[in-house]
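I opened the notebook to look up strand pairing, helix packing and ring pairs. The entries follow in the order I took them.

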Amino acid sequence: MPYAITNRCIQCDNCLPQCPQGAIKVMEGEYWIDPILCNDCQDYSAPQCLVYCPVASPIPYQAKKGRCKTDVRTTPSPKLFLNGKSHPFASSIIIWELCNVLAQRHSLIWESNAAGELYYQRQINGGKGAIAFQITDSLESNIPIPLKSKEALSAIATFDIRAACMHLIYAAHVTNLNQPWEEEFIINDRQIEEYLGLEKRKDLSKSAKLALIKELVQQPCKLIVSINLPAQRKMQGVSLEKSRLWHLLETQHHFQADELGCKHLVGLTFKIKAGEWAQYFLNQQGCQERTALYQYGSLPKALLSAVMSIWQQHEGAARMMLWLLFKTKMGREQRITIPTLMRVAYGERKLSQVILQPENRQRLLRIFESDLEVLNQYGLKPVFDPVTYPLEIQPLWTKLVDIPEDAEAALEFWIDDGSHSTRLTDAAPRGKWNRLMNARILYFDMPPEWKKQITKSKKKQQTNNRKAKLKPQLTLSTEYILEARKRLGLSQRDLAQLTGKSQSWIRDIENGRFQAKLEDQILLRKALGLGMG
């Protein structure tokens with residue numbers, strides 16, 4: 001049983017250096033024992049705080065009874081999800097990759113550099129840039145020191161996939177700021193409980209919830225990033241070296257004393273600030289001047305509660321769900337390969353091992369199809385490519401959706417199924433694994449709250465409407481652009497050179513992933529020899 005310090009404490013400081021767990025804290029001049037860290041000095045004959053206390057202040061900890069309340073709290077930033085469904089959030093590549101690191105953790109391929117520091121790196125922007133993550137155990141330093149390999153691996157082992165949800169909450173908060181690289185936001189335990197659905201967890205005590213919240217808050221702040229991107233048009237290159245993504249500026253502990261004077265932690269308030277990355281990827285003014293980016297998406301509140309519900313039994317589904325939050329920004333026709341989804345869900349190393357060990361394929365296949373079913377239950381409905389992922393190799397649950405609810409109709413359904421040469425419950429066809437390695441999902445049909453919500457001021461809306469009325473003839477459909485280019489015998493590369501754009505930009509326009517802006521429509525018309533109306 002842990003111990004607590006009563007109001008008999010004379011603050012002699014004898015107990016502080018003697019605690020083997022480091023559970024004794026000095027908060028605002030008062031001594032307090034963290035019941036989560038205190039283990040009753042299991043390796044000693046008696047609790048050391050009691051042994052060295054001259055006034056016998058420590059007593060066995062008793063959970064607080066009654067309501068938890070504090071007198072004074074710092075006012076937090078405005079709540080998220082005011083519509084109850086979604087909120088804008090920063091969704092740049094740096095936010096996506098950190099979400100993947102927090103979700104996949106040890107499943108990623110971590111390496112050691114010449115200094116013995118552990119890092120995870122991948123190429124981005126078509127190989128033109130790179131982004132790398134390292135881990136630090138310091139939360140206060142402005143110049144974080146990466147951990148060596150052994151310590152970093154131990155830290156990764158303690159990381160929690162639910163910290164990815166905390167990271168997304170931060171990314172939502174910073175969209176409320178004008179200059180997030182200079183401004184901070186404040187969030188407290190009550191808000192976090194609401195966002196993550198922890199207020200419904202009656203099986204957790206208040207102290208256990210606060211300990212979990214504090215750990216989840218800290219984990220995204222323990223990762224540092226190095227990113228190198230070359231300059232593109234007017235936008236300057238991005239070069240960050242061992243930079244924090246999130247600064248935990250301050251943690252306030254709120255206590256309530258019982259009749260014996262024992263202090264019980266009843267609340268937490270955190271002050272957070274975004275790192276330098278926000279100046280490059282979440283800069284509204286820079287975006288207007290085309291010297292920086294302002295990349296955002298829509299964060300569904302349902303995603304947070306879903307991950308919090310499934311993270312233990314279906315971690316692979318939770319990983320895919322978090323990954324799809326960013327992937328779906330790229331448009332409806334995503335054409336995601338099954339090996340890609342499996343790498344996201346289970347890691348590169350595990351997939352490579354299973355490919356070389358056929359005896360383990362069936363188990364991984366069952367897990368994958370179960371995880372796909374979980375996504376479908378939460379509204380992320382996979383649309384299978386009928387050519388590479390035909391019905392005979394699709395999961396059984398996709399074939400059972402047509403079973404009627406009426407008992408007699410269901411009986412007729414099964415009788416009819418039994419009259420065919422192949423039945424729904426037949427074993428999977430031979431070679432299913434090899435076929436799946438070449439299969440694709442066209443896209444995931446998303447719930448409405450997953451779709452990007454664009455909010456504009458009335459003035460901006462009126463300006464856009466006026467532009468649309470003045471230049472209605474400029475709108476070019478993707479089919480029209482493709483047809484005009486082929487009619488002129490131009491390749492995508494040729495058209496890119498004529499317009500001063502990249503080939504990937506032309507490809508995305510023709511695939512309908514986004515629509516060209518007004519000035520780009522003019523460039524396309526000139527390059528394709530089309531009139532202005």
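I began with Gln-121, whose bridge partner in strand 8 is Ala-132. Strand 7 (residues 118–124) and strand 8 (residues 129–135) run antiparallel and are joined by five bridges. I took helices (H or I, at least four residues) and strands (E, at least two) as DSSP runs, numbered from the N terminus. Two strands pair if DSSP finds at least two bridges between them.

The model is predicted, so I kept to its rule: local features need pLDDT of at least 70, side-chain atom pairs count only at pLDDT 80 or more, and totals for chains, interfaces and linings use all residues. Residues are numbered from 1 along each chain as its sequence is written, and side-chain values use heavy atoms, with hydrogens and water left out.

Five strands form an open sheet in the order 6-7-8-10-11, with antiparallel pairing. Strand 6 (111–112) and strand 11 (238–244) are the edges, each pairing on one side only.

Which helices lie on these strands? Helix 2 (residues 93–104) lies across strand 7, strand 8 and strand 10 (223–229). Helix 2 runs at about 45° to strand 8. Helix 3 (residues 149–158) packs on the sheet and touches strand 6, strand 7 and strand 8. The direction of helix 3 makes about 75° with that of strand 7. Contact here means heavy atoms within 4.5 Å. Axes are lines fitted to C-alpha atoms, for helices over the stretch in contact, and angles run from 0 to 180 degrees between N-to-C directions.

Three strands form an open sheet in the order 9-13-12, and the pairing is antiparallel. Strand 9 (184–188) and strand 12 are its edge strands, each pairing on one side only. Neighbouring strands here are turned by 20° against each other on average, direction ignored. Strand 9 is joined to strand 13 (residues 263–274) by five bridges.

**Rings.** Next I counted ring pairs. Rings of Phe, Tyr and Trp (its six-membered ring) pair if their centres lie within 6.5 Å; planes under 30 degrees apart count as stacked, over 60 as edge-to-face and the rest as tilted. The count comes to eleven aromatic pairs. One of them joins Phe-81 and Tyr-195, edge-to-face, at 5.6 Å centre to centre and 70° between the planes. Phe-81 is in the loop between strand 4 (58–60) and strand 5 (86–90) and Tyr-195 in helix 5 (residues 189–196), so the pair ties together parts 114 residues apart in sequence. Phe-81 counts as buried at 5% relative accessibility, and Tyr-195 at 1%. Buried means under 20% relative accessible area, exposed over 50%, partly exposed in between (1.4 Å probe, protein chains only).

I went on to Tyr-170 and Trp-246, also edge-to-face, with 5.4 Å centre to centre and 65° between the planes. Tyr-170 lies in helix 4 (residues 162–173) and Trp-246 in strand 12 (residues 246–257), so this pair ties together parts 76 residues apart in sequence. Both Tyr-170 and Trp-246 are buried. Ring pairs also link Phe-89, Trp-96, Trp-323 and Phe-326 into a cluster.

**Whole chain.** Of the 533 residues, 47% count as buried.
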